[in-house]
Amino acid sequence: MQKLEYLDLRNLPAYPFVDAAHYLRVPLDTLRSWVRGRHYETNKGQQFSEPLIELPTAEASELSFTNLVEAHVLRAIRVEHKVRLDKIRKALAFIRDELGITHPLARVDFLKTDGKSVYVEHMQSLLDASSGGQIAIRETLEIYLTRVEADEQGIAARLFPFVHSEIDRDERVIVIDPAVSFGRPVIAGTGIPSRILADLHRAGDSIQELAEDYGCAERLVQAAVDYEQRAA
């Protein structure tokens with residue numbers, strides 16, 4: 001079975017639920033239900049919806065970078081196209097049980113490559129079942145996957161969250177890399193945390209002043225501030 005090593009930085013608990021929801025712009029309760037599951041009432045009594053994302057360990061109280069990527073991709077499938085949770089759960093269970101692949105939503109190569117027939121065929125049935133139709137959801141999924149950079153094994157290594165609109169293919173300005181700044185969002189290629197820039201701007205520093213202080217282009221500083229403001 002292909003597993004991510006626990007000591008891999010990508011699979012260490014590092015992101016409190018509040019921070020992860022902030023970075024991905026996913027409602028906190030929604031993210032919790034994806035990771036922890038949730039109880040709900042039916043005419044047959046209380047039922048439990050099983051989690052879709054598995055934390056690094058049963059005792060972990062924070063998400064890993066891998067979990068962050070899974071939630072990012074899951075948002076494209078679940079939030080943007082309203083694919084039913086039971087269908088998503090069935091597809092993911094099939095991939096884990098039949099192909100021995102853990103954290104399949106973080107396996108960018110399988111999600112993007114049509115050559116992996118067994119996986120793709122099962123995903124196709126999932127996509128076909130969506131109200132948006134296969135073509136629409138595949139386009140949305142592609143947009144989300146362009147924000148994930150994989151390593152040589154096809155496993156997600158860096159995430160470039162959306163700064164403005166998910167529909168617009170905006171520039172990959174902000175990056176979340178578990179090996180940089182403790183995995184907090186930074187301006188790509190600089191290591192400058194977006195939250196620090198946003199806090200300083202909120203305190204009164206202008207975009208121009210921040211750009212000069214940090215030796216960074218104004219458009220990048222503005223993008224970092226926009227990202228934090230939209231996430232908030």
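Predicted model: local features only at pLDDT ≥ 70, side-chain atom pairs only at ≥ 80, totals over all residues.
**Chatting through contacts and core**

Me: Let's start with E149: what is its relative accessible area?
Reply: E149 has a relative accessible area of 27%, so it counts as partly exposed. Buried means under 20% relative accessible area, exposed means over 50%, and partly exposed is in between (1.4 Å probe, protein chains only).

Me: Which residues are linked with E149 in a network?
Reply: Salt bridges link E149, R158, R172 and D177 in a network. R172 also has its charged end over the ring of F160, 4.0 Å from the ring centre. For that, NZ of Lys or CZ of Arg has to be within 6 Å of the ring centre and within 35 degrees of the ring normal.

Me: Where does the charged end of R32 sit?
Reply: Over the ring of F17, with 4.9 Å to its centre.

Me: And how many salt bridges does the count come to?
Reply: The count comes to 8 salt bridges. One of them joins R10 and D151, with the closest N and O atoms 2.7 Å apart. That pair links distant parts of the chain, 141 residues apart: R10 is in the segment before α1 (17-24), and D151 is in the loop between β3 (148-150) and β4. Helices (H or I, at least four residues) and strands (E, at least two) are DSSP runs, numbered from the N terminus.

Me: Are R10 and D151 buried or exposed?
Reply: Both R10 and D151 are buried.

Me: What about R195 and E228, how do their side chains meet?
Reply: They meet in a salt bridge, at 3.9 Å from N to O. R195 is in helix α8 (residues 194-202) and E228 in helix α10 (residues 218-231), so this pair ties together parts that are 33 residues apart in sequence. E228 counts as buried at 4% relative accessibility, whereas R195 counts as partly exposed at 35%.

Me: Changing topic: how many aromatic pairs does the structure hold?
Reply: It holds 2 aromatic pairs. In Y15 and Y23 the ring centres are 6.2 Å apart and the planes are at 85°, so they pair edge-to-face. The rule is that rings of Phe, Tyr and Trp (its six-membered ring) pair if their centres lie within 6.5 Å, with planes under 30 degrees apart counted as stacked, over 60 as edge-to-face and the rest as tilted. Y144 and F162 are also edge-to-face, because their centres are 5.0 Å apart with the planes at 70°.

Me: Which parts does the Y144 and F162 pair tie together?
Reply: Y144 lies in helix α7 (residues 134-145) and F162 in the loop between β4 (156-159) and β5 (174-175), so the pair ties together parts 18 residues apart in sequence. Y144 and F162 are both buried.

Me: In what sense do β3 and β4 pair?
Reply: They pair in the antiparallel sense, over 3 bridges. Two strands pair if DSSP finds at least two bridges between them. β3 and β4 form a hairpin with 5 residues between them, and G154 in the turn has a positive phi of about 85°.

Me: Which strand is joined to β1?
Reply: Strand β1 (residues 38-42) is joined to strand β2 (residues 45-49) by 5 bridges, and the two run antiparallel. H39 stands opposite F48 in β2, and the β1 and β2 hairpin has 2 residues between its strands.

Me: Last topic, the largest nonpolar core. How many residues has it?
Reply: It has 57 residues, and L31 and W34 have the most contacts inside it. Such a core is a set of buried Ala, Val, Leu, Ile, Met, Phe, Trp, Tyr and Cys residues joined through side-chain atoms within 4.5 Å.

Me: What gives the most to this core?
Reply: That's α3, with 8 residues. In α3, 13 of its 14 residues are buried.

Notes. Residues numbered from 1 in each chain as written. Heavy atoms only, no water. Salt bridge = Lys/Arg side-chain N within 4 Å of Asp/Glu carboxyl O.
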